[in-house]
Amino acid sequence: MTMATNMTPSGQEPLLDVRNLETWYGPIAAMQGVNLSVRKGQMVAVLGANGAGKTTLLNTLAGVVDPFKGEVLWQGERIHGLDADAVCRRGLVLVPEGRQIYPFLSVRDNLAMGAFTRKDEAGVREDLARVLGWFPRLREREQQHAGLLSGGEQQMLAIGRAYLARPQLLMLDEPSLGLSPLLTKEIFAIVSRIRSETGTAILVVEQNAAIALAHADDGYIMELGRIVAADSCAALSQKADVREAYLGGHAVQTASGTAQRWKRRRTWR
Ligand code: ATP
């Protein structure tokens with residue numbers, strides 16, 4: 001069923017429209033009242049500290065966990081509650097936290113696993129060549145066990161594997177985790193390239209706010225399971241409290257409770 005859609009912070013109609021989403025683990029509410037949109041070809045970042053609910057959000061969108069409440073609309077279709085493979089077949093593909101590659105399979109077989117839903121062999125071959133072009137280091141190690149790759153190379157493999165599922169929306173769970181600043185930069189540059197060359201939309205959750213805000217169009221800030229700010233990344237980067245809490249800026253004391261809020265935020269990191 002097609003629904004009327006919300007507008008994104010940038011004011012365009014979304015591909016993905018998340019409304020009032022809520023997920024619990026037993027008695028724990030990990031995420032509540034989450035509204036978020038991604039439009040075609042857009043890159044959206046969700047920022048937040050440890051335990052903010054970022055992984056829960058992506059796992060809920062990917063069908064790994066079921067929401068208790070709310071809606072996930074994908075091109076107008078309700079997809080919340082679908083199994084993970086049904087979500088993947090619709091073009092929402094997750095690169096999970098910690099990569100989760102298959103260490104005892106070769107790099108090439110790991111990539112092939114990404115295409116398990118596809119029947120178009122020629123298309124898969126074409127996409128495989130494209131991925132190996134984006135990640136020459138994977139080409140060099142194609143026949144090696146994936147477990148022998150460095151952390152950065154495993155992240156490249158996880159992204160390449162996800163691309164072989166032919167996503168319309170690539171969801172990345174903390175791609176910078178455990179990587180050096182240089183490798184993080186490299187990964188984000190390739191993700192931006194994937195987006196510009198293929199029109200794939202990107203939804204990335206990150207603790208590294210600076211790099212995510214530098215690459216994404218719109219950003220959301222998540223705190224204790226809720227979205228507390230949503231705007232274009234350019235605007236978020238200028239906000240004093242965002243700079244203070246996420247970008248290492250200097251706090252400017254203002255009236256009525258703002259300083260107190262920062263104090264609480266500072267304890268996150
Ligand atoms: P991180 O950056 O550390 O991965 P996050 O922002 O991704 O954090 P989540 O992993 O989504 O946050 O966790 C949100 C909340 O839900 C936390 O309080 C966490 O302890 C809790 N939580 C996550 N997974 C489970 C689970 N399987 N069972 C119970 N509680 C969970």
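Residues are numbered from 1 along each chain as its sequence is written, and side-chain values rest on heavy atoms, with hydrogens and water left out. As the model is predicted, local features require pLDDT of at least 70 and side-chain atom pairs count only at pLDDT 80 or more, whereas totals for chains, interfaces and linings use all residues.

The protein contains 11 helices and 10 strands, assigned as DSSP runs (helices H or I, at least four residues; strands E, at least two) and numbered from the N terminus. Of its 269 residues, 51% count as buried, that is, under 20% relative accessible area, with exposed over 50% and partly exposed in between (1.4 Å probe, protein chains only). Among contacts (heavy atoms within 4.5 Å) between residues at least 6 apart in sequence, 68% join residues at least 24 apart.

The ligand is surrounded by 14 residues, of which the closest are Gly51, Lys54, Thr55, Thr56 and Glu174; a residue is near the ligand if one of its heavy atoms lies within 4 Å of it. By class, this shell has 5 nonpolar, 6 polar and 3 charged residues. Nonpolar denotes Ala, Val, Leu, Ile, Met, Phe, Trp, Tyr, Cys and Pro, charged denotes Asp, Glu, Lys and Arg, and the others, Gly among them, are polar. An oxygen atom of the ligand lies 3.0 Å from a polar backbone atom of Ala52. On the side-chain side, a polar atom of Glu97 is 3.2 Å from a ligand oxygen atom, and an N or O atom of Gln207 is 3.3 Å from an oxygen atom of the ligand. The protein covers 61% of the 630 Å² of accessible area that the ligand has on its own. Strand S2 (28–38) and helix H1 (54–61) are the elements that give two or more residues to the shell, and H1 provides the largest share, 3 residues.

In helix H3 (residues 107–114), Val107, Asn110, Leu111 and Gly114 are buried. These residues lie on the same side of H3, because they cover an arc of only 100° around the axis, taken from the directions from the helix axis to the C-beta atoms. Their cover includes helix H4 (121–134), helix H5 (136–140) and helix H6 (151–163).

Lys239 is located in the loop between helix H9 (233–238) and helix H10 (240–246). Lys239 is partly exposed, with a relative accessible area of 30%.

Conventions. A polar contact is a pair of N or O atoms within 3.5 Å; within protein, one must be able to donate a hydrogen and the other to accept it, and residues adjacent in sequence count only if both atoms are side-chain atoms. Accessible areas come from the Shrake-Rupley method with a 1.4 Å probe; for residues, only the protein chains shown count as cover.
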